[in-house]
Every structure is written in structure tokens, then in C-alpha cells.
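Subject: Structure for you to look at

Hello,

Here is the structure I said I would pass on. Please open it beside this email; my notes on it follow.

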Amino acid sequence: MSDHIKKRVAAVTLGCKLNYAETSSIVDNLCQQGWQVSSIEEGADLIIIHTCAVTKQAEKKSRQKIRGIIRKNPASRVAVIGCYAQLNQDDLASIDGIDAILGSNDKFDLQSYNDITSGSILTPLVKVAPASTFDDVYQGYSLSSEMSTDRTRAFLKIQDGCDYGCAYCTIPMARGRSRSISLDQVVDRAHLLAASGYREIVLTGVNIGDYRYDDLVLCDLLRKLEKVNVSRIRISSIEPDFVDSELVSLVAQSEKIVPHFHIPLQSGSNSILKAMRRRYDAAMYRSRVMQAVEHITDCAIGADVIVGYPGETEEDFLQMYRFIEELPLAYLHVFSCSVRPNTPLARQIANKERNPIKSDEIAHRYAELIELGRRKESQFKERYTGKKCMVLFEGGKPAHNGIQQRSGYTRNYLRVLVESADNFAGQSISGNEVPVLIECLGDDLNLKGRVLS
Ligand code: SF4
């Protein structure tokens with residue numbers, strides 16, 4: 001394709017890091033076929049909207065985004081892809097102006113994007129293979145084009161799907177069974193990311209602790225990744241049953257694998273954990289967290305929690321509250337329970353085996369946990385004021401908000417802001433890891449500091 005006829009593609013991603021990693025791959029693969037990256041503001045022949053369906057709210061956000069984009073970009077072709085497309089194509093079919101609805105595996109087939117922009121087929125094109133047929137992970141990943149303007153952190157997909165079958169979760173229906181990308185391919189991609197200048201690799205997947213390929217597991221992969229020429233490797237989200245002594249001692253000894261885990265908790269009440277079909281109780285969760293913080297210097301642990309799970313009594317909620325209060329957590333992500341269609345939980349409610357919680361009670365519990373989360377986060381971050389931390393600054397230009405401000409993350413995932421376009425050792429701090437003296441914690445819970453010379 002010569003330059004003057006290059007088709008332009010813009011992409012919008014909602015949802016998790018895995019979606020972001022996948023969007024980047026799709027866009028990059030289109031670019032390798034001669035497409036050109038654009039933005040919605042600049043105009044595009046094709047707009048890809050990568051959706052999320054983890055909660056009712058996420059679906060609503062996806063619908064709003066789709067409608068807004070279609071209204072403002074009548075000349076563009078619009079492809080709606082991802083979990084919402086996989087789970088609810090009928091909902092999407094009722095929105096006028098969508099040119100393609102592509103499910104979790106079908107979104108990787110580039111021919112669909114060519115077809116809808118060439119006008120060679122009637123639209124909407126609907127391709128949604130059932131999740132039960134997903135038996136391999138899409139292997140055609142390449143470097144991220146979306147992130148090429150800011151070569152700081154790259155999301156690297158290592159796994160997809162989940163076999164755990166938690167009662168409330170729709171992901172196994174959206175993304176299929178757990179499967180992993182081969183160790184060699186992950187390591188090759190990591191080397192490519194390092195060679196193109198990325199400083200941090202964030203491993204992504206649905207249940208990355210469940211990484212298994214030819215008898216090799218996550219710790220085997222991590223040992224190989226430690227040899228890649230990047231400053232940081234972030235595990236990020238991992239189920240508590242995988243935070244075992246082998247992983248903890250590997251992270252404790254590593255100079256590259258950063259001391260940060262996001263370990264979903266969901267509830268601190270054993271009866272609710274059991275109803276959720278989670279694979280641990282509160283005592284096991286606590287022991288995994290304590291093991292990590294005791295052995296890994298500066299280990300930051302964040303957690304997801306769900307409030308208002310059907311059947312959650314006031315006592316269950318209080319147990320969760322007290323449990324979290326006593327745990328050394330660095331931050332909380334709080335969600336109100338959203339009952340997803342076709343899950344075991346939805347069936348239990350239909351059969352009157354579990355009762356939904358009133359919405360005002362859910363709102364009350366949610367507010368309490370948000371406040372507790374703020375308190376935990378502020379307590380954790382306060383420990384760093386007056387200390388020196390290594391901060392990896394984001395690349396690109398500083399924000400133009402009157403003052404020049406740059407932001408980056410410590411190794412244990414604390415966001416730090418510095419004012420003015422500081423240099424370190426004669427080099428811009430942009431995209432580099434440099435020492436920062438943490439001066440204070442702002443009301444917005446961001447740490448503020450100055451670059452040390
Ligand atoms: S571990 Fe449970 S909550 Fe997480 S993706 Fe798997 S089924 Fe869903």
C-alpha cells in the first residue's frame with residue numbers, strides 16, 4: 001500500500017490492561033499490513049472500540065462510548081470488539097451505525113477490518129465464535145504501536161481465559177478456558193520490547209498465576225524474563241493461591257521483578273468467599289499477604305473487593321471491614337456487586353437461593369470501604385515522605401496545566417509527581433528511572449517530590 005492510500009485506524013479501549021495489550025497488537029498488526037495509526041480527533045477510516053462487560057456499569061459505559069463515537073464520526077467505519085461483543089451481540093445489534101461486532105477471538109482476524117472499510121461486504125458484519133471453541137491463545141502479537149509515543153511501560157500478554165469458575169464471574173464465558181502463550185514466544189516478545197526502548201514490562205492475562213506451558217509455570221517464565229534488558233518486570237494482578245513461598249522468594253531476591261502485587265480479595269467473610277467459590281478463606285489470604293510483606297522489602301499489595309454480594313449480611317460486611325483494616329494493604333479497588341447474566345450467581349438469585357442486597361445498603365457499604373481504602377492508601381504512602389525512591393517517569397511531553405508537571409511510578413507502584421522539566425545527570429527524566437526525594441503526600445493521594453541530582 002503506498003502512503004497516499006493508507007487507511008487510518010483509531011482505537012478506543014475500555015476495561016482491563018489485557019484489553020489495552022490486545023488493542024495495541026491489533027492496531028500494530030494492521031499497521032504492518034499498511035494501515036496508519038490515527039486518532040478520533042484527526043479522523044480515521046476505521047474506529048475500533050474495544051469493550052468491557054465485567055459489570056453492568058462497564059456495559060453501560062461501552063454503549064455510551066459507542067453511541068458518542070458513531071454520532072461524532074459519521075464518515076468512519078466502527079468495529080465493536082471484545083467482551084461485550086462476545087457476551088451480548090444482541091444488545092449491540094440494536095445500536096445503529098456499528099459496522100462490525102467481533103468477539104474475543106474474532107477480533108484478531110484482520111480481514112474483517114479490511115472488509116468493512118473496503119465496502120466489499122454488507123454490514124454489520126457479526127463474528128462471534130462461542131468461547132467453548134477457544135483452544136489456543138492468539139499468537140500473532142507484535143510490538144505495541146499504541147504505546148510507541150511513550151516507550152516507558154509495555155503490557156505483555158502471557159495468558160488468557162480462566163478455569164476457576166467463581167460464581168459471579170462472566171469472564172470464562174467471555175474469554176474461554178485458561179491457556180498460555182509459549183514461554184519462548186513471551187521471552188522473544190519481551191526482548192523485542194526491550195530493544196525498542198521500553199523500560200518496564202507489565203505481565204497481563206486473566207489469571208496470570210495460572211500460567212502453564214509444557215510443564216513450565218509462572219516462576220519459570222519470570223526467571224527467563226529477568227535476563228531481558230529492561231529495568232522492571234511487574235506481575236501485577238495474581239490470585240492469592242499463586243502467591244506462594246517460591247514466588248515470594250523469587251521476587252524478594254530479584255532486582256527486576258518489582259515489589260508489587262494486586263491480589264484480589266473480594267470478601268473478608270468466609271461464608272461469602274465460599275458462596276463466591278473463591279479458592280481460599282480469609283486466613284489463607286492473610287497468610288499470603290503477610291508472607292509477601294515480611295520477605296519482600298517495600299512490598300505494596302493492592303486488592304479488589306466486592307460489596308453487596310447477594311446474601312452479604314451486615315455481619316459479613318463488618319468482618320470484611322475489620323479484616324481489611326488489619327491487613328497491610330497499600331490500596332483498595334472497591335466494586336459494587338453486579339449480577340451478570342448466565343452466571344451461577346444469576347441462577348441462584350432466579351431460584352431464590354440468594355437474596356440481592358438493597359441498592360441503598362450497597363451504596364452505604366461501598367462508601368464505607370472507599371473511605372477505608374483512602375485511609376489505607378494514605379497510611380501506606382505517608383511512610384515514604386522524606387525518603388528517596390527510584391521513579392520511572394513517563395515519556396512524552398509534560399502536562400500543560402500552568403506548571404510543568406511530570407509523573408511516574410516507584411518500583412512498588414506509587415504515583416509520584418514532580419514539578420518543572422527536571423533533568424537528571426544532564427538527561428531528561430522523561431522515560432528514565434531516576435532518584436526522587438519524596439517531599440509530601442497531596443490531598444489527591446499523589447506523592448510529590450523533587451529529582452535528586
Ligand atoms: S479467578 Fe474467578 S473472578 Fe477471576 S477471572 Fe477467574 S472466574 Fe473470574
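Is K107 buried or exposed, and how many other C-beta atoms lie within 10 Å? K107 is buried, because 27 other C-beta atoms lie within 10 Å. The cut-offs behind that word are these: a residue is buried if 20 or more other C-beta atoms lie within 10 Å of its own, exposed if 12 or fewer, and partly exposed in between, with C-beta atoms placed from the backbone.

Before the rest, two notes on the source. This is a predicted model, in which local features need pLDDT of at least 70, side-chain atom pairs count only at pLDDT 80 or more, and totals for chains, interfaces and linings use all residues. Residues are numbered from 1 along each chain as its sequence is written.

Surroundings of K107

K107 sits in the loop between β5 (100–102) and α5 (110–118). Helices (H or I, at least four residues) and strands (E, at least two) are DSSP runs, numbered from the N terminus. Apart from neighbours within four places in sequence, K107 has contacts with I26, I81, G82 and L102; two residues are in contact if their C-beta atoms, placed from the backbone, lie within 7 Å. I48 is 59 residues away from K107 in sequence, and the C-alpha to C-alpha distance between them is 9.7 Å.

The sheet of 6 strands

β5 belongs to an open sheet of 6 strands in the order β2-β1-β3-β4-β5-β6, with parallel pairing. The edges are β2 (36–37) and β6 (125–127); each has a single partner strand, so one side of each is left without a neighbour in the sheet. Two strands pair if DSSP finds at least two bridges between them. β3 and β4 run parallel and are joined by 6 bridges, with I47 opposite V78 in β4. Of the 6 residues in β4, 6 are buried. β5 and β6 also run parallel, joined by 3 bridges, and A100 has L125 in β6 as its bridge partner.

Helix α2 (residues 56–72) lies across β1 (8–13), β3 (46–51) and β4 (77–82), at about 170° to β3. For such angles, axes are lines fitted to C-alpha atoms, for helices over the stretch in contact, and angles run from 0 to 180 degrees between N-to-C directions. In the loop between α5 and β6 you will find P124, which is joined to T123 by a cis peptide bond with omega of about 5°.

The sheet of 4 strands

Another open sheet has 4 strands in the order β14-β15-β16-β17, again with parallel pairing. Its edge strands, β14 (236–237) and β17 (331–336), each pair on one side only. β16 (residues 300–307) pairs with β17 over 6 bridges in the parallel sense, and V307 stands opposite S336 in β17. Helix α14 (residues 359–382) lies across β16 and β17, at about 170° to β17.

S236 is in strand β14 and has a positive phi near 65° although it is a residue other than glycine. S236 is partly exposed, with 18 other C-beta atoms within 10 Å.

Strands β21, β24 and β25

β25 (residues 447–451) pairs with β21 (residues 415–419) in the parallel sense over 3 bridges, and with β24 (residues 433–441) in the antiparallel sense over 5 bridges. K448 in β25 stands opposite L417 and is also the bridge partner of C440. β24 and β25 form a hairpin with 5 residues between them, and L445 in its turn has a positive phi of about 65°.

The core and the ligand

The largest nonpolar core has 110 residues, of which V9, I48, A79, V80, L156 and I301 touch the most other members. A nonpolar core here is a set of buried Ala, Val, Leu, Ile, Met, Phe, Trp, Tyr and Cys residues joined through C-beta atoms within 7 Å. Beyond four places in sequence, the contacts of L156 include A21, V186, L193 and L203.

The residues around the ligand include C162, Y164, C166, C169 and E239; each has its C-beta atom, placed from the backbone, within 6 Å of it.

Regards
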